[in-house]
Every structure is written in structure tokens, then in C-alpha cells.
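Subject: Structure for your review

Dear colleague,

Please find below the structure that I am handing over to you. I would be grateful if you could look through it alongside the notes that come after it.

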Amino acid sequence: MKTQKKTTKNKKQKAGGIISMVIILLIGFAAGWLVTAYADRAGGADAESGAFLIRLLYLVFCIYLAFFLQGAVHEAGHLICGLLSGYGFASYRIGSLMWIKQDGKIRFKRFSIAGTDGQCLMTPPELTEEGMPYVLYNLGGVLMNLLLVALCLCAHFLWGENWYLSAFLIVTALTGVWLAAVNGIPLKLSLLNNDGRNILDISRNRDELRAFWLQMKVAEQQAKGVRLKDMPAEWFWMPEEEKMQYAMTSACAVLTTGRLLDEHAFEETAGTIVKILNMDSALIGIYRFLLMADRIYCELVGERRPEVLEQWESKDCQRIVKQMKNYLSVIRTEYAYALLKEKDTQKAEKIRERFEKNARSYPYPADAQSERELLDIADGQQDLQAGDIE
């Protein structure tokens with residue numbers, strides 16, 4: 001009966017995901033058609049004189065600028081709606097440009113997360129028996145995108161006789177519609193869930209609201225320089241498998257393994273990761289990979305069994321390693337692998353240099369300290385290996 005319910009649930013989720021993606025693709029095709037129409041309009045009788053090519057290149061430039069602008073506006077929407085809902089500012093990021101509040105000051109850092117073009121994190125209000133506001137904060141980005149769409153369309157109707165201005169306004173409006181759909185229609189994306197999905201999951205399950213609150217509290221403490229092992233123990237627990245059907249609750253399991261790793265309980269960390277990865281859960285792609293990277297590290301400083309370590313060399317794994325090459329935890333595992341498995345000290349030295357370069361601008365100093373300790377433990381394991389050989 002349990003299996004049948006899961007199968008029915010999975011079918012409904014897949015059907016909903018397919019419908020959502022079809023809607024987004026239709027919006028994308030419509031946007032592409034309109035941009036092409038603008039390019040044709042740009043050419044006209046002057047196509048042979050090069051005007052068509054110049055305006056086509058201008059449209060490409062508009063697309064890039066529009067995505068950056070709408071992305072910045074999207075995250076600003078989360079910020080504004082978060083403040084209106086009683087949240088406090090924690091960090092604002094667009095691309096790899098990040099502003100984070102530390103020691104009462106706003107500091108500039110460089111940081112990016114695979115699968116996202118930006119992110120706005122807030123310090124949440126207290127979680128009470130009645131709950132806490134979450135809809136407006138999550139929906140803020142979509143609302144701000146649509147507001148900019150409306151402003152662009154109004155400006156287009158007022159000043160549409162200027163082709164260059166009109167083209168920029170139309171492209172920005174289309175980009176805003178597409179981003180609003182991608183973020184507003186509930187979707188489980190390859191690496192992260194979108195805003196619409198977060199709202200839907202929280203509305204369905206009380207545990208998701210607590211998990212949502214907890215993740216923001218952990219981020220707040222990390223920005224203050226507090227390590228996972230020094231945060232309140234009650235914040236970390238292993239959810240039952242039934243509750244792992246929700247993404248944010250599943251993320252709490254990831255935080256629990258992170259705390260174990262920060263305590264250097266490598267055997268327990270590895271066992272917990274294996275348990276999580278074998279569960280039927282809603283764990284998102286980025287967390288699955290980070291768990292696997294931690295599992296490989298634990299194996300490297302432990303038994304170093306070939307059947308476990310060979311997972312790191314798989315094509316799928318290495319593809320994601322390239323996507324997340326600036327993550328300190330990923331660099332840490334790369335370092336340990338080069339040092340303890342490949343026994344290539346020169347390669348390891350270059351990886352350590354890359355680690356230190358990224359650590360200088362890393363927004364969470366406590367994480368950097370924790371990861372540096374793990375590098376040192378790998379160094380210690382290399383010394384033990386050298387001693388065994390002698």
C-alpha cells in the first residue's frame with residue numbers, strides 16, 4: 001500500500017512538472033519569436049548595409065543585460081518583501097557579487113552557488129506556535145519581476161518610436177515574464193527547488209516551515225563566524241524517512257551530517273550519509289553531490305576502499321565538480337583525493353592554493369576554518385602513509 005501511494009504521488013509530481021515545463025517552454029518560444037520579429041524589423045531595407053547585424057548584436061546585448069537586471073530585481077524583491085514581513089537583512093547576491101552583514105557592517109564578498117543566478121538571505125522572525133510569515137518573502141522576487149515587466153511595457157507604449165529603447169524594454173519585459181514563470185510555477189529543478197515549490201511544500205507540511213526557519217538561522221550564525229559544531233544541538237536531527245519527502249526537511253539531514261563532519265566524527269558521518277542517500281527522499285541535486293563529496297573525504301581519511309573512491313572519478317561527478325569548483329568543501333575533497341589517492345603532491349599543492357584564494361573572499365569564515373582543519377587532517381594522513389612505507 002505504501003509503495004502504491006508513493007508511485008501515485010510520483011506520477012502526479014512528474015505530470016505537474018511536465019505541465020509546468022511545457023508552460024515555461026511556450027513562454028520561451030514566444031519570447032524567441034518576438035525577438036526574431038524585432039530582428040526582422042531591424043533589417044528591412046537596410047539589411048544589406050549591415051544595420052540588421054548591428055541591431056541583432058544589440059538584441060543579444062539586451063538579453064544579457066535584461067537577465068542581469070531582472071535577476072537583481074528578483075533578489076531585491078525578496079529583500080523588500082522580507083523586510084516588510086519582519087525579516088532582517090543577512091545577505092544579497094547577484095551572480096558572484098555578494099553583500100553580507102557581518103559584525104554589524106555590510107561587507108562585499110565574491111561567492112556563487114551552482115544552479116542559481118542570485119540569492120537573498122534574511123534573518124527570520126521567531127518561529128512561534130502560530131508559525132511565521134513565509135509567502136510574501138518567497139514570492140517577493142516574482143512580484144518584483146512582474147512589476148518591472150509592467151513598467152517596461154508602459155514605457156514601451158510611451159516611447160516605442162525609438163527602436164533601440166523599445167527593443168530593450170520588450171526584451172526586459174519578456175525576460176521578466178520568463179523568470180517569473182521559472183520561479184513562480186512550483187518546480188523541482190536539477191539542483192535547487194524554486195520559490196513556488198518552497199511555498200507549496202511549506203503550506204503542505206509544518207515541518208517544512210521549521211526547516212525553512214532553521215536553514216536561515218544556521219546561515220545567520222555562519223555569517224557571524226559560528227561553526228556548526230558550536231550551534232545549538234537541538235537544531236540538528238535526522239528526520240524520519242517519511243518526512244524526507246520534503247526538500248527543506250531533507251536539507252536538515254544534510255546540516256546534521258555537516259555538524260558531524262565538523263566534529264571530525266568521520267565514521268559516523270560516512271554512515272549517516274550512506275543512510276540518507278539510500279532513502280527515498282526529496283533531497284535536491286546540489287545536496288546529494290555535496291553529501292557524496294563529504295562521503296569521499298571520509299573514505300580518504302579512513303579505509304580508502306577503491307569501490308567507494310571510484311565514484312569521485314565518474315563523468316557525472318566530475319561534471320558537477322567543475323560546476324562547483326569554487327566551493328571550499330569540494331576543493332577540500334579534491335585536495336584529499338590528490339594527496340591520499342593519487343599521491344600527487346604537486347597537484348595537491350595547486351589545489352590548496354586554489355582553496356586559499358577562494359577562502360580569502362569566502363563569506364562564511366567559520367566554514368573556511370572548519371574546511372582548513374580538514375585539509376590539515378588529510379596532511380596528517382599523508383604523513384602516516386609515508387611512515388608506513390618507510
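The notes below set out what was found, beginning with the chain as a whole.

Please bear in mind that this is a predicted model. The chain has 390 residues, and buried residues make up 50% of them. Its secondary structure comes to 14 helices and four strands.

Strand S1 (residues 88-94) pairs with S2 in the antiparallel sense, over four bridges. In this pairing, Arg93 has Met98 of S2 as its bridge partner. S1 and S2 form a hairpin with two residues between them, and Gly95 in the turn has a positive phi of about 65°.

Strand S2 is also joined to strand S3 (residues 105-110), by six bridges, and these two strands run antiparallel as well. Here Lys101 stands opposite Ile106 in S3. The hairpin of S2 and S3 again has two residues between the strands, and Asp103 takes a positive phi near 55°.

The two faces of S2 (residues 97-102) deserve a separate remark. Met98, Ile100 and Gln102 form its covered face, while Leu97, Trp99 and Lys101 form the uncovered one.

On the surface, Ile80, Leu84, Leu136 and Leu143 form a nonpolar patch, with about 360 Å² of accessible area together. Helix H2 (51-84) and helix H3 (135-159) each supply at least two residues of this patch. One of its members, Leu136, is in helix H3 and counts as partly exposed, with a relative accessible area of 36%.

Finally, I turn to the cysteines. The structure holds zero disulfides. Cys154 is partly exposed, at 48% relative accessibility. Cys298, by contrast, is buried, with a relative accessible area of 5%.

With kind regards

Technical notes. Residues numbered from 1 in each chain as written. Predicted model: local features only at pLDDT ≥ 70, side-chain atom pairs only at ≥ 80, totals over all residues. Heavy atoms only, no water. Disulfide = S-S within 2.5 Å. Buried < 20%, exposed > 50% of the residue type's maximum accessible area, 1.4 Å probe, protein only. Patch = residues over 30% accessible without salt bridge, like charges linked within 9 Å, V, L, I, M, F, W, Y side chains within 5 Å. Areas by Shrake-Rupley, 256 points an atom, 1.4 Å probe, with all protein chains shown as cover. Salt bridge = Lys/Arg side-chain N within 4 Å of Asp/Glu carboxyl O. Pairing = 2+ DSSP bridges.
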